[in-house]
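Please look through the model below before reading the notes.

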Amino acid sequence: MSYSSSSDTTNSPTSTAPTSLPPSPSSLQCPSTTFSTGHTCHLASSLKAQDLLVTCSDGPCFAPPRVPDGISLRNFGIQVPIYATLSDVVVYAPKGMTRSAFALAERFKHAIEAKARERERSAKGEIVHYNVFVVTAQDSSHDLPDSFSEFEAHYPHLVAWDSKGTPSNYIDFAVREREEICNLTRATEVCDGLWLGNSNDVPTYQNALLGADPFDSANLSNPFGFDICIECCDNVHFPTPRELESVEEHIKLLDELWVSRWRQEVPDTTPGTQPPVRPPPSANHILHLAFPSSPPVNQ
């Protein structure tokens, strides 16, 4: 396993997918945050030296794992520091064979040797030795000014952010994690008419349906057939009795609209004939409620 580290200093990208639910009857919604990214000359799955190395009393050494306080099921903070000590290290720089690239390689060499000495003191057998490499190859047959241009020209599948700052093979792991969690927690029917899932299962407000009949295209815009979405959020209050009354009024209005529509479409019905079961409403007519994810102890 190899890790790449650029000698350039840039900010790490962080991203999150904000909730996209329309306003609910409750007074607060789940908060959302957006982040920006900025990278150039960055290879896919590479790491920055400052995230891996620190200065110890005897020179450069690997950064210790950042163990979070409390209980954490994932411990993302410890994965990179641990894997870095179990890998060959490949150093690259946008300008190829620079003094800073070789100086950084020397720092990694010192850190690897320090880690090897630490393991030798406690190991009972032979330890695995790791190496440091510097990307120095230059293709004389092409007019390419630096090593990263060679990556862009010959190995574009390895480039996450090109020299102009355009992402190509970049993977936002925060977004990827959210997608995987959504797939693992997708809506499952736990009893008749009650589904448990995540907010991404619920269709969002669609401008194309604005002013349309609540039952038009419902099977396309609301495939699961939801009437009400209850989303658990932090820092929200319990729905008030008036808000719950509004929910009941909303459902009753949908029922009345469906009966009225059915009578218009089928005017010649036998007295006493019951209308068919009301279909689900379109995405724009799903009712959204926010409930506290962790209710106060006094409630």
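pLDDT is the predictor's confidence in each residue, from 0 to 100. The protein averages a pLDDT of 77, and 78% of the residues score at least 70. This is a predicted model, in which local features need pLDDT of at least 70 and side-chain atom pairs count only at pLDDT 80 or more, while totals for chains, interfaces and linings use all residues. Residues are numbered from 1 along each chain as its sequence is written, and side-chain values use heavy atoms, with hydrogens and water left out.

- Over residues 1–37 the pLDDT stays under 50.
- For residues 1–37 the model has 98 contacts (heavy atoms within 4.5 Å) beyond four places in sequence.

**Helix 2**
- Helices (H or I, at least four residues) and strands (E, at least two) are DSSP runs, numbered from the N terminus.
- Helix 2 covers residues 99–122, which is 24 residues.
- Buried means under 20% relative accessible area, exposed over 50%, and partly exposed in between (1.4 Å probe, protein chains only).
- The buried residues of helix 2 include Leu104, Ala105, Phe108 and Ile112.

**Loop residues with positive phi**
- Most residues other than glycine have a negative phi.
- Cysteine 41, in the loop between strand 1 (2–6) and strand 2 (42–43), has a positive phi near 50 degrees.
- Cysteine 41 counts as buried because its relative accessibility is 12%.
- Serine 45, in the loop between strand 2 and strand 3 (47–48), has a positive phi near 60 degrees.
- Serine 45 is exposed, at a relative accessible area of 57%.

Technical notes: Expected span 1.5 Å × (residues − 1).
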